[in-house]
Amino acid sequence: MGARDNQEIKIKKEWCKGCGICVTFCPKQVLGYDDEGKVAMLDSENCIKCGQCEMRCPDFAIFLGGKE
Amino acid sequence: MNNPIVEKYFRMDNLPHIWCPGCGNGIIMLALAKAIDSLGLDKDKVCVVSGIGCSSRAPGYLDFNTLHTTHGRALAFATGVKLANPELEVIVISGDGDASAIGGNHLIHAARRNIGITTIVFNNNIYGMTGGQYSPTTPNGDLGTTAPHGNIDRPFDIAQLAAAAGATYAARSTVYHANQMEKMIETAIAHKGFSMVEVISTCPTYYGRKNKKGSAANMIAFLKDSFIDVKVAEKLPEEKKAGKFLMGEFKKEEGVVEYTVAYESIIERLKK
């Protein structure tokens, strides 16, 4: 059990401007784009919840949050 | 559903912000909020002051005591705030042009006085808001709307400029190195005296497009590949440092009297 097992990646689509920074720097390449060019989680199984997407998202649109 | 840090420290009604897609300013603003959270500061005891420019819009989004002042004069206003309320943590957010051109004199004199203000410079190498004119940090040879044939100026090194002028903490990071940047901002706020954190940001709209730097992600990848920590650089041979830029903590000097402490001691002496 890891410290972040009860967390997951949350995406606030309405704030995403599709700049691609999170997609580019994701160390596991689990992020991609939806039909509108906004960020989408493509492979949550392989996400290591490192939080690099959150720390470099200029629009606070992607972050680690508690599982609902 | 929001990032809890954003909900706690931002004015939610004003978000999303107006900065361009891929602008690095939001990355620095989030790191600042996280640094303030780590320090456990009372929101009412923090005052964020800015001048004019893209970066200077940040206080409009931050839920502290905030002042959006005139171009280049954030440090002058902040000096007044700090002298009147020495208990406040005063943080100045400024751009490269605002801090080192229009407000260049305020910067060197605030540093010389060692007043307890934390200055965070969002350095995107250009005047973005007004349409891409070259700034004091635009690299030599690069293009701007006012340098269509290449900039002939040599750029300022803002962190070293502040250190030379008397700042007792001076550091530089980039928006790629966001975790390290957050720690630097935390150290800078906790430091007693004038502290400078210069953060290399990205302007994909003006600087990037004009100079064919590619996407925002390309520009940030360049920061990842081009900056080396000053401690690492000390051990590297010259050929491995060619074309690289230095980041890290350049100066941390303790024991220099802070300006409002010196001012208070005069008041106490004259009361006797």
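Start where the two chains meet: 18 residues of chain A are in contact with 29 residues of chain B, contact meaning heavy atoms within 4.5 Å. Keep in mind that this is a predicted model, in which local features need pLDDT of at least 70 and side-chain atom pairs count only at pLDDT 80 or more, while totals for chains, interfaces and linings use all residues. Residues are numbered from 1 along each chain as its sequence is written, chains are lettered from A and ligands numbered from 1 in the order in which they are written, and side-chain values use heavy atoms, with hydrogens and water left out.

How much area do chain A and chain B bury between them? The figure is about 2000 Å², with 68% of it on carbon and sulfur atoms. Buried area here is the accessible area (1.4 Å probe) that two parts lose on being put together, summed over both. On the chain A side, A:Trp15, A:Met55 and A:Phe60 lose the most area to chain B, and together they make up 32% of what that side buries.

Now for the charges. There is one salt bridge between chain A and chain B, and you can find it where the side chains of B:Lys34 and A:Glu54 meet, 3.0 Å from N to O. The term stands for a side-chain nitrogen of Lys or Arg within 4 Å of a carboxyl oxygen of Asp or Glu. By class, the side of chain A that touches chain B has ten nonpolar, two polar and six charged residues. In this scheme Ala, Val, Leu, Ile, Met, Phe, Trp, Tyr, Cys and Pro are nonpolar, Asp, Glu, Lys and Arg are charged, and the others, Gly among them, are polar.

Next, look for rings. The whole structure holds five aromatic pairs over all chains. Rings of Phe, Tyr and Trp (its six-membered ring) pair if their centres lie within 6.5 Å; planes under 30 degrees apart count as stacked, over 60 as edge-to-face and the rest as tilted. Take B:Trp19 and B:Tyr61: their ring centres are 5.6 Å apart and their planes sit at 70°, so this pair is edge-to-face. Both are buried, B:Trp19 at 4% relative accessibility and B:Tyr61 at 6%. Buried means under 20% relative accessible area, exposed over 50%, and partly exposed in between (1.4 Å probe, protein chains only).

Finally, visit B:Ser195, which is buried too, with a relative accessible area of 0%. Its side chain reaches the backbone oxygen of B:Ala188 at 2.9 Å.

Terms used. A polar contact is a pair of N or O atoms within 3.5 Å; within protein, one must be able to donate a hydrogen and the other to accept it, and residues adjacent in sequence count only if both atoms are side-chain atoms.
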